[in-house]
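Please look over the structure below before reading the numbered points. They cover the overall layout, the confidence and one residue.

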Amino acid sequence: MPNYPCPQCERVFSRRASLRNHVRSHDSVVDRVLREIADKVEEEVIREQLMEIDASDNEREDANDNEQEDANDDEQEDASDDKREERRYKR
Ligand SMILES: [Zn+2]
């Protein structure tokens with residue numbers, strides 16, 4: 001039978017989840033500080049990653065999508081349509 005002894009006190013738990021919950025309530029102060037530090041570090045890393053992703057995505061998408069699609073669709077369709085209609089008209 002597996003035993004999970006609490007490192008902070010004498011209690012022993014048969015389930016790891018129980019020990020986890022117990023330890024959490026135990027050193028909530030240490031846990032809170034550690035979590036805050038971890039959260040801050042994670043937030044900063046995530047923010048940096050998001051900013052990098054945003055910057056690269058915007059530049060790439062704006063340049064490719066807008067110029068290529070707009071230029072191709074508008075100019076080609078309009079130009080060919082107009083020319084056809086003009087030709088028909090002249091003939
Ligand atoms: Zn304990």
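1. Two helices and two strands make up the elements of the protein chain, where helices (H or I, at least four residues) and strands (E, at least two) are DSSP runs numbered from the N terminus. Their order from the N terminus on is β-β-α-α.

2. The model is predicted: local features need pLDDT of at least 70, side-chain atom pairs count only at pLDDT 80 or more, and totals for chains, interfaces and linings use all residues. Residues are numbered from 1 along each chain as its sequence is written.

3. The mean pLDDT (the predictor's confidence in each residue, from 0 to 100) is 75 for the protein chain, and 56% of the residues score at least 70.

4. Of the 91 residues of the protein chain, 0% count as buried. A residue is buried with 20 or more other C-beta atoms within 10 Å of its own, exposed with 12 or fewer, and partly exposed in between; C-beta atoms are placed from the backbone.

5. Arg-11 sits in the loop between β1 and β2 (12–13). Arg-11 is partly exposed because 13 other C-beta atoms lie within 10 Å.

6. Neighbours within four places in sequence aside, Arg-11 is in contact with Cys-6 and His-22; contact means C-beta atoms, placed from the backbone, within 7 Å. Arg-11 and His-22 are 11 residues apart along the chain, and their C-alpha atoms are separated by 9.3 Å.

Conventions. Two residues are in contact if their C-beta atoms, placed from the backbone, lie within 7 Å.
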